[in-house]
Amino acid sequence: MTDQPHSKPLLSDDAPLRGRVRRKRDPAQPNLPLDPMLDRIEPCLALSKLKPPVGEQWLYEIKFDGYRLAVHIEPRRVRILTRGGYDWTHRFPGIAAAARELGVATAILDGEAVVLDAEGRPDFGLLQRSLGGRGGTEPSAVCSFFAFDLLYFDGHDIRSMELSSRRHLLGGLLQSGEGPIRFSEEIEGEGSAVFRAACEHGLEGIIAKNRESSYTSGRGGDWLKIKCIRSDAFFVVGYEKSLVARAGIGSLLIAARRGDDLVYVGNVGTGFKERDAGPLRSMLDKLQTKKAPVECDGQRRNIIWSQPTLIAEIEYRSWTHDGKLRHAAYKGLREIQDNADVFEVTE
């Protein structure tokens, strides 16, 4: 039996799952014309599904809870771009330094920046605090970049290659399982077993990808995300004042999109850390408005409305019959540059 991959410590106990053994990359490259290196590539995004797909054409990876990034390795520099196209190279100096040492002249790596907790699980709150909070300017010294795709390599645009071939090249480039840049291992096993193990270990979920698919920007259906506990982005439209809660925030009022409008989807009163509540209250007070951005039920009291500018990541179990989040908890604020999709109500 092969050793468990170091990059997935949580699946090394008794779970009947293992990483696939990877061969070293053949250094002899085909003599092909060089392709121009694009300044930016729109990322391939995953569609949400309730259950993992079945079939040998699917591979499974852990779903990371962090910031989606593209690492551009160029002849004279390294650039780290957010999903929205903003340059965050200065915020991830360790990842940038590791990229320069990969021994490749040009490449574009697609992946996720995360901070792992004491048990090896990605923690979005720890990631934010390592960067100085939302809008912070501190460089993170503890972030790891889990690369799961390779889009450009040694002067060649390889997005038209099948995923399994792109990942073979990526695995050869990232031989070490440790350090600031790591390979996102495929987890072998039947989809439901992989998903069940991820949930048992407290992970956010899994990503299923079609092995034979090319890299297509947007949500084309070749990548699917299956979450153990649902987590989505919502606008913060106000808060309820409290004399006993942290920083005076009893609960946040949150809203989703509905076409060109916003709709109230409930309040969130748990998940706040002591160090986060004060800065959050300060930001909300600066955005205070007398006009309610959404219609709210009449049971709410002492509401301080705010302009719908801040975007929060909210974890929840399900929806109530009247369109409110059930068992919701605050995870942290999303960066504007991260270009997070605010949840859209379609019914």
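Biologist: How many bridges join E1 to strand E10, and do the two run parallel or antiparallel?
Modeller: Strands of a sheet pair through backbone hydrogen bonds, either parallel or antiparallel. Here 2 bridges join E1 to strand E10 (residues 223–227), and the two run parallel. Strands are DSSP runs of E, at least two residues long, numbered from the N terminus, and two of them pair if DSSP finds at least two bridges between them. In E10, Lys225 is the bridge partner of Ser48. This is a predicted model, where local features need pLDDT of at least 70 and side-chain atom pairs count only at pLDDT 80 or more, while totals for chains, interfaces and linings use all residues. Residues are numbered from 1 along each chain as its sequence is written, and side-chain values use heavy atoms, with hydrogens and water left out.

Biologist: What is the order of the strands in the open sheet?
Modeller: The 4 strands follow the order E1-E10-E9-E2, with mixed pairing. At the edges are E1 (47–48) and E2 (58–62), each pairing on one side only.

Biologist: Thanks! Now, why is the pair of Phe148 and Trp223 called edge-to-face?
Modeller: Rings of Phe, Tyr and Trp (its six-membered ring) pair if their centres lie within 6.5 Å; planes under 30 degrees apart count as stacked, over 60 as edge-to-face and the rest as tilted. The centres of Phe148 and Trp223 are 5.8 Å apart and their planes are at 85 degrees, so the pair is edge-to-face. Phe148 lies in strand E6 (residues 144–153) and Trp223 in strand E10, 75 residues apart.

Biologist: Are Phe148 and Trp223 buried or exposed?
Modeller: Both Phe148 and Trp223 are buried (under 20% relative accessible area; exposed is over 50%, partly exposed in between, with a 1.4 Å probe and protein chains only).
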